[in-house]
Amino acid sequence: MSDPLIRFNNTGVYYRMGRKRSPVVGPSPWALRGLNLQIQRGEKLGIVGRNGCGKSTLLRLLAGIISPDEGTITFSRPGLHVQLLALGVGFEGNLSGAENAILSGLFMGKTRSHMESRLRDVQEFSELGDAFHRPVNTYSSGMNARLGFSIALQTDPDVFLIDEILGVGDHAFLLKSQAAIREKFKSDTTVVLISHDAQVIGDICTRAVWMNRGEILAEGTPSDVCRDYESKR
Amino acid sequence: MSDFQRYKDIIFYRTLSGLKSEARRNHLGYAWFVLEPLLSTAVLYFAMSHLTGQRGAVAVFTILVGMLVWQWFEGSIMLSAESLTKKFHIHQQVPLPKYLFPLVDIGTNTVRFAFAFLLVLAACLLVGPGPSVALLWLPLVLALQLVLIIGLSLVISIVVTLLPDLRVLLQSCFRLLFFVSGIFFTAERVPAHLLPYFHANPITVLIESYRAIILDHRAPNFGLLGQTLLSAVAFLALGAFVQAYYDKRLLKLTNV
């Protein structure tokens, strides 16, 4: 097997929220503990678990937003582009849809020229027409979501992180956006999908991990892991 | 180096957006960049001319220069104090260096300052003391003030995010600084035994340097500017350290 794209080695994270200075807040401050996990190039990894299982923390670690408090996380190369599928990151209401597409793309790790070359695709996919050149604060919430989704789709990261497959917009756009995400699962892109819905993970992932309280309970083929998860939850 | 280019573009677009929104918020738009310092100057001139009897163009320009320099400094730092909390949702989604956000606020406020400063400078040259070679020192003093603003903002943006209560304290500090920094009076009015304290304040030194260059046509006091440079560089180093240390820790320490 080739070298993994991302390797967690006994990784742990804890939060020190609130006013208390001591690291021990509540029964267990650890959001993740002793995590050992490898993500291979091109695989579609599904992570199932209930609320509070540590999936948001895992996403933040993968995206490089936070650092681990113990253990390590190693990327196959520096600057590996790991991107959370997020809608409308950093939108500024008084900039046009096109300007926001560039700004949001910059936030998500793309260059200005990359986003400029994709503007037409964003405009087309979002079905915004001429409104694309009007300020975003004149948009309806549906238009906003369509624009956000269309931008996220054009960021082409090395690793795509998806927190639940949510469609956006009206019914027609909902189907179109869900289809676009599923398309990513057929391509070479490495995808990490986090969901509480074992059915979705069983359908489209190549490997699955079940997490609970910041630890891995099971790891293996999606069908095995999801069967365990469904039977014990 | 593509990251550097990207960060530069982010600062550009966010600054552009900040300026656009400011202009659209009010009917008078960009005119406020100049009107705001003019209004504060009018108020201070009214009060000071009655107290001290100093009137005329020189007194107006003295206060105006102090006011502009102060507003650039205070405005940038107060904006930076909130720049991370205001955009916390972005930090939860993308791994951007936190320092970009105070830099954007400094950028917006610096453009405001530049507008007003250029107008006041033009007015000084046309109807005030007129041009001189001393003006060549101006870029040096401007650069020094920018370094001081950036250094302080880098530190304060993180510290206030971690300890939000400090924002109130910061406001009080600025109120105090406003009265002791020589914005509406000059060093001649300060008792001799207090002068060393007066000049220990970097803002005072900067304001006096601008006045020396623009109004008195002489070179600034380099000894005092050297001290200011030292404190600016110290803040910049501390800021760089604090930003690097908390960049990936901030979200684990606070949930604003």
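Good morning. I begin with one residue, A:Trp30, which touches A:Gly12, A:Tyr14 and A:Gly214, leaving aside residues up to four places away in sequence. Please bear in mind throughout that this is a predicted model.

A:Trp30 belongs to strand β2 of chain A, which covers residues 30–39. A:Trp30 and A:Tyr15 stand 15 residues apart in sequence, and their C-alpha atoms are 6.8 Å apart in space.

Let me now turn to chain A as a whole. Chain A contains seven helices and nine strands. Its C-alpha atoms fill a box of roughly 50 × 45 × 35 Å along the principal axes. Of the 233 residues in chain A, 43% are buried. If we take the contacts in chain A between residues at least 6 apart in sequence, 65% of them join residues at least 24 apart.

Next, the sheet. In chain A, six strands make up an open sheet with mixed pairing, and their order is β5-β6-β7-β3-β8-β9. Which strands stand at the edges? They are β5 (82–84) and β9 (215–220) of chain A; each has a single partner strand, so one side of each is left without a neighbour in the sheet. On average, neighbouring strands of this sheet are turned by 20° against each other, direction ignored.

Within this sheet, β6 (residues 159–163) and β7 (residues 190–195) of chain A pair in the parallel sense, over five bridges. A:Asp163 is found opposite A:Ile194 in β7(A). Helix α7 of chain A, residues 222–232, lies across β3 (44–48), β8 (207–212) and β9 of chain A, and runs at about 25° to β8(A).

Finally, I come to the contact between the chains. Here 22 residues of chain B are in contact with 25 residues of chain A. On the side of chain B that touches chain A, the elements giving two or more residues are α1 (2–25), α4 (88–91) and α11 (250–253) of chain B. The largest share, 10 residues, comes from α1(B). By type, the residues on this side of chain B are eight nonpolar, seven polar and seven charged.

Thank you for your attention.

Notes
Residues numbered from 1 in each chain as written. Chains lettered and ligands numbered in written order. Predicted model: local features only at pLDDT ≥ 70, side-chain atom pairs only at ≥ 80, totals over all residues. Contact = placed C-beta atoms within 7 Å. Helix = DSSP H or I, 4+ residues; strand = E, 2+ residues; numbered from the N terminus. Nonpolar A, V, L, I, M, F, W, Y, C, P; charged D, E, K, R; others polar. Buried ≥ 20, exposed ≤ 12 C-beta atoms within 10 Å, placed from the backbone. Pairing = 2+ DSSP bridges. Axes fitted to C-alpha atoms, helices over the stretch in contact; angles between N-to-C directions.
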